[in-house]
Amino acid sequence: MKEINNQNIYEWFDHPGESPLLIAGPCSVESPEQILQTAQELKAATPISLLRGGVWKPRTKPGSFEGIGAEAMRWLVEAGKAIQTPVTVEVANAEHVELALKEGADVLWIGARTTVNPFYVQEIAEAIRGVNIPILVKNPIHAEIGLWAGAIERFQKAGVERIAAVHRGFFSTAKSLYRNAPGWQHSFDLRALMPDIKIICDPSHIAGKRSLVEEVSQVAMDLRMEGLMVESHHDPDCALSDAQQQITPKRLSEIIGHLKIRTNIPLESHPELAKLREALDVLDQEMVDILKKRFDRVKDIASIKEREGLSIFQMERWLKLVQEQTSLAEGKGISPAFIHELFSLVHKYSIDYQTSLIKKDS
Ligand code: PEP
Ligand code: MN
């Protein structure tokens, strides 16, 4: 099992298979004392490889603390020097880049609200052309993977050689435990598109509250993400931004101590797993066969609906189906929410299929 340890960030970027990188620090740099004390407590508590701190903090709504700006950049760099740790800051435009580079930032990060906007991403990419400073690109607020990958590509085209992605969850209107829906599958999609880009998880912005940071961090490690970026403040209750989700350096060190960091095992080297996976493959094939049979029936129903002039979507039918299947699943110990989601997809596809059949015939 690999441990989180103190490591050189360039080495981490340059070599696959390094231990997970730990980035920690406050949401915002608030004063020279706050950042220095947090940095020193972090250094004493846990092996962090990069100290984070926001200095330009346009919040979702105006009127709250919006960061101190260039002066705080200086405090961040001084705190990093005091604990011999490189520092990273969020930049959202060319002026931020200029100031961050002037003050000595070691790594820059692009926030979720910037990744959504190719104008800003391009402006930042132009501002760092030729500098080759490492860049961390957070996912856009909404789950459009093209924007995430597009931002990474803009930096690649500007000559940046060390780029990592940061998964910080996605805005969702659904009621949830989390501040931002994890949407883990989107990081798999990014990996499929860009297999060489390492992905770090930001459990703080996914969780939104202290009590969930450990569990989200463990999921990230289980999914073999290559690092964690955690918001930590020496006195979280008094933090000027994101107070509910920041944790003390001591709590961070407990979480890091609890984390199980799993290694990937080659398929053939674990006979017990290989056998179970073979059984899963058979079941998956059966599921595809069943779906094929279901879609054949859906097709038959489409011709009746067309012949008799019936509407394709019938609400009562859908509600009945979902009610029956979710309670059946519940009785078998399967999550009703999962079955609901699964059938929503099957049903949506069936409706689209019938629509396309009927359109073709008319
Ligand atoms: C942050 O890291 O403090 C931040 C503002 O994050 P995000 O861009 O993910 O909202
Ligand atoms: Mn924050």
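**Exercise 1. Determine which helices and strands the buried residues of helix 10 pack against.**

Solution. The elements in contact with the buried residues of helix 10 are helix 8 (184–193), strand 7 (198–201), helix 9 (203–207), strand 8 and helix 11 (249–258), where contact means heavy atoms within 4.5 Å. Helices (H or I, at least four residues) and strands (E, at least two) are DSSP runs numbered from the N terminus. The model is a predicted one, in which local features need pLDDT of at least 70 and side-chain atom pairs count only at pLDDT 80 or more, while totals for chains, interfaces and linings use all residues. Residues are numbered from 1 along each chain as its sequence is written, chains are lettered from A and ligands numbered from 1 in the order in which they are written, and side-chain values use heavy atoms, with hydrogens and water left out.

The next step is to name the residues themselves: in helix 10, which spans residues 213–222, Val-213, Val-216, Ser-217, Gln-218, Ala-220 and Met-221 are buried. Here buried means under 20% relative accessible area, exposed means over 50%, and partly exposed lies in between, using a 1.4 Å probe and protein chains only. Just after the helix, Arg-224 adopts a positive phi of about 60 degrees.

**Exercise 2. Decide whether Glu-231 is buried or exposed, and find the side chain with which its own side chain makes a polar contact.**

Solution. Glu-231 belongs to strand 8, residues 227–231. Because its relative accessibility is 0%, Glu-231 counts as buried. The side chain of Glu-231 makes a polar contact with that of Gln-245 at 2.8 Å; such a contact is a pair of N or O atoms within 3.5 Å, of which, within protein, one must be able to donate a hydrogen and the other to accept it, and residues adjacent in sequence count only if both atoms are side-chain atoms. Apart from its neighbours within four places in sequence, Glu-231 touches several residues, among them Gly-25, Cys-27, Arg-52, His-205 and Asp-242.

**Exercise 3. Locate Asn-132 and identify the backbone nitrogen that its side chain reaches.**

Solution. Asn-132 sits in the loop between helix 6 (118–128) and strand 5 (135–138), and with 27% relative accessibility it counts as partly exposed. As for Phe-155, which is 23 residues from Asn-132 along the chain, the two C-alpha atoms are separated by 9.4 Å.

**Exercise 4. Find the residues that form a nonpolar surface patch with Leu-319.**

Solution. Leu-319 lies in helix 13, residues 315–331, and counts as partly exposed because its relative accessibility is 46%. Together with Phe-313 and Met-315, Leu-319 forms a nonpolar patch with about 280 Å² of accessible area. Patches consist of residues with over 30% relative accessible area and no salt bridge, like charges being joined within 9 Å and nonpolar side chains (Val, Leu, Ile, Met, Phe, Trp, Tyr) within 5 Å. Accessible areas come from the Shrake-Rupley method with a 1.4 Å probe, and for residues only the protein chains shown count as cover.

**Exercise 5. State how the domains are bounded and how far apart their centres lie.**

Solution. The domain assignment, which is automatic or from a database, gives domain 1 (9–258) and domain 2 (267–361). Taken over C-alpha atoms, the two centres are separated by 39 Å. For the protein as a whole, there are 14 helices and eight strands, and 44% of the 362 residues count as buried.

Note on methods: Salt bridge = Lys/Arg side-chain N within 4 Å of Asp/Glu carboxyl O.
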